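Hi,

Here's the structure I promised to pass on. Have a look at it first, and then read my notes below.

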Amino acid sequence: MLDSYYRTIDGFRVLCQREWLDFGHKFADRGQGEDPNERCPVFIQWLDCVHNVMLQYPCAFEFSKAYLVKLAQHTYSNLFGTFLCNSGAERKRTGIGTATFSVWKHLAASAECKNHLYSSQPDNVMLLVYLLNFILK
């Protein structure tokens, strides 16, 4: 997220496509699979991490919180072919990409998915602040 390109709508799509979809995150098994031991919300947790960075830098991202929420919802909605298989190779082999709609086109067309506070500053370094909460009993 330090590279400002990946904070744009197109850059975030490229990042998700390369690191999650093409790399082989098992979306089919981990979201809708029959084996409960395979279920894993790691992609949703990563989207939550992106959201937390967005809270610290509300003008640094071209996409909005609604974009992340809709992406999380459609990860397992089966409305788009983007997340239906376990890898890019499987999506290509089955023809899912050409037979279904893309979630990326759907989200890019939505006005509510754009951050109206976005300010493109390519050299802006984001220093992340995090807090650890300890509950003492």
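Let's start with the cysteines: counting pairs of cysteine sulfur atoms within 2.5 Å as disulfides, I get 0 disulfides. In case the term is new, a disulfide is a covalent bond between the sulfur atoms of two cysteines. C16 is buried, at 1% relative accessible area, while C49 is partly exposed at 46%. (Buried is under 20% relative accessible area, exposed is over 50% and partly exposed is in between, using a 1.4 Å probe and protein chains only.)

Before you go on: this is a predicted model, where local features need pLDDT of at least 70, side-chain atom pairs count only at pLDDT 80 or more, and totals for chains, interfaces and linings use all residues. Residues are numbered from 1 along each chain as its sequence is written, and side-chain values use heavy atoms, with hydrogens and water left out.

Now the rings. Phe, Tyr and Trp rings (for Trp, the six-membered one) pair if their centres lie within 6.5 Å; planes under 30 degrees apart are stacked, over 60 edge-to-face, and the rest tilted. That gives 13 aromatic pairs. One of them is F43 with W46, a tilted pair with 5.9 Å between centres and 35° between planes. These two sit 3 residues apart in helix α3, about one turn of the helix. F43 is buried, with a relative accessible area of 0%. Another pair, F61 and F63, is edge-to-face, at 5.5 Å and 65°, and both of its residues are buried. Ring pairs also link up a cluster, including F12, W20, Y67 and W104.

Cheers

Note on methods. Helix = DSSP H or I, 4+ residues; strand = E, 2+ residues; numbered from the N terminus.
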